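Colleague: Please put the model up, and then we can go through a few residues together.

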Amino acid sequence: MTEQKRQEIFDQAAQILKINDRGTYTVPTHGLYPFQWNWDSCLTAIGQSYVDEHRAWVEVDTLFAHQWEDGMVPHIVFHQLDDGYFPGPEVWGTNRSVPTSGITQPPVAGFAVKRLYDMAKDKNLARARARELLPRIDRWHEWFYSNRDPANEHLVALIHPWESGRDNSIDWDAAFERVPTEGVAPYVRRDTQHADPAHRPTKAQYDRYIWLVEHFRSLDWNNSVLHDASPFQIVDPGFNAILIRSCADLAELAAELGEPDIAKRNQQRAADGLAALDKLWSDSLGQYVCFDRAACSLIDSASVGGLLPILVALPEHRGDALVARLEKLGESCRYLVPSHDPLDGKYDAKRYWRGPVWLIINYMITDGLRKSGYNDMALRIENASLELINTGGFAEYYDPTTGEPCGGASFTWTAAMVMEFIRRAA
Ligand code: DGY
């Protein structure tokens with residue numbers, strides 16, 4: 001791709017960030033997602049920092065202004081009313097002055113804030129803003145290990161598929177069968193009015209998403225009981241890897257900013273989490289897999305959640321094995337990295353997290369690959385990502401075989417990641 005083309009794509013990406021900017025937060029895309037989403041915002045801030053560092057810090061600050069008293073950072077902040085989205089604040093019923101959802105999302109904040117700090121040209125601003133965020137992110141990390149790791153195994157569980165970000169992954173299919181659907185209040189989906197229903201989760205999945213929300217609401221969103229009360233408790237290697245990486249990054253940042261206690265706590269969490277992660281290794285698949293905590297068994301399912309641990313400081317043989325796995329996946333699709341193995345009978349190239357390529361995942365995987373020196377594979381994934389943009393625009397996700405754009409369009413975090421692909425490598 002020529003330099004001129006890359007610059008054009010970069011400028012288009014910056015424009016998407018601008019269009020979706022609501023002043024103090026950015027919507028993932030107009031219509032389909034009209035509020036602030038947790039990990040979308042943190043990753044978006046990285047893109048924003050190329051054009052306006054102050055605005056990038058505001059994005060993360062706004063999210064953390066809605067952190068719960070117990071330390072949780074919710075997955076959605078409903079800054080303004082919009083009945084184009086379901087489930088809205090009345091379904092969540094969390095009773096907050098600015099309504100939020102009652103569950104969380106992958107904790108990328110530690111990773112993102114370290115990246116913002118490292119990239120910052122205005123170091124005084126970065127120091128001041130990062131110093132304020134450090135204790136808040138530390139509390140969120142503490143919240144995870146206190147509320148989602150009751151047996152002190154150093155691995156945290158999700159209690160709702162939406163927490164993983166990989167909403168309808170094949171990984172959850174068996175465990176999700178245990179979630180009932182009876183008694184769910186009648187509802188009308190809005191997502192299928194904004195995006196092709198064939199690209200979205202099914203009705204049976206939505207019934208269960210909503211059953212869980214209603215169940216947690218009936219328990220007053222009391223996080224000290226929700227984990228044990230949930231029929232869905234999944235230890236996801238990708239989610240845990242993100243948490244471990246964020247702990248490690250926060251520890252480094254805290255050490256640099258003269259906060260030794262925060263540094264020490266997070267270093268310990270990262271070390272313990274990394275050691276525990278190995279329990280999720282599958283020799284037969286050659287990658288990490290999820291653990292169904294309620295059923296007490298590993299889940300034999302080859303999703304991208306099991307490749308994300310490349311983000312953390314893995315032993316070399318594990319890193320090599322994950323790169324071999326990526327090579328193998330590259331034999332069955334044109335565009336890396338599919339969110340599920342195309343050779344699996346349940347793979348669906350266009351349905352959300354059951355196959356499509358997501359650029360935020362590609363970004364995190366390539367960050368990990370580069371950090372561990374796997375530069376050839378990183379470059380291959382970065383090039384595939386830019387090719388997808390060039391042919392399909394800034395979509396929410398893409399078919400790994402045809403490159404067809406799927407889901408929402410003019411997507412914020414896709415744009416933000418593209419800015420990193422173009423400038424990070426420069
Ligand atoms: C959705 O509405 O599809 C979201 O992924 C839930 O956060």
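Colleague: Is Arg55 buried or exposed here?

Modeller: Arg55 counts as buried because its relative accessibility is 9% (buried is under 20% relative accessible area, exposed over 50%, partly exposed in between, with a 1.4 Å probe and protein chains only). This is a predicted model, in which local features need pLDDT of at least 70 and side-chain atom pairs pLDDT 80 or more, while totals for chains, interfaces and linings use all residues. Residues are numbered from 1 along each chain as its sequence is written, and side-chain values use heavy atoms, without hydrogens or water.

Colleague: Switching to the ligand, which residues surround it?

Modeller: The ligand is surrounded by Tyr33, Trp37, His75, Tyr85, Trp162, Asp167, Arg200, Tyr206 and Tyr352, each with a heavy atom within 4 Å.

Colleague: What are the distances to His75, Asp167 and Arg200?

Modeller: One oxygen atom of the ligand is 2.7 Å from a side-chain N or O atom of His75, and an oxygen atom is 2.5 Å from a side-chain N or O atom of Asp167. For Arg200, a polar side-chain atom lies 2.8 Å from an oxygen atom of the ligand.

Colleague: Back to buried residues, what about Ser246?

Modeller: Ser246, in helix α12 (residues 237-256), counts as buried because its relative accessibility is 0%.

Colleague: Which peptide bonds are cis?

Modeller: The bond joining Phe86 and Pro87 is cis, with omega about 5°, and Pro87 lies in the loop between β2 (76-77) and α4 (89-92). The bond from Leu336 to Val337 is also cis, with omega near 5°, and Val337 sits in the loop between α14 (316-332) and α15 (359-371).

Colleague: Why bring those up?

Modeller: Because most peptide bonds are trans, and most residues other than glycine have a negative phi.

Colleague: What phi does His154 have, and what about Cys296?

Modeller: His154 has a positive phi of about 70° without being a glycine, and with a relative accessible area of 27% this residue is partly exposed. Cys296, also not a glycine, has a positive phi of about 60°, and it is exposed, at 59% relative accessible area.

Conventions: A polar contact is a pair of N or O atoms within 3.5 Å; within protein, one must be able to donate a hydrogen and the other to accept it, and residues adjacent in sequence count only if both atoms are side-chain atoms. Helices (H or I, at least four residues) and strands (E, at least two) are DSSP runs, numbered from the N terminus.
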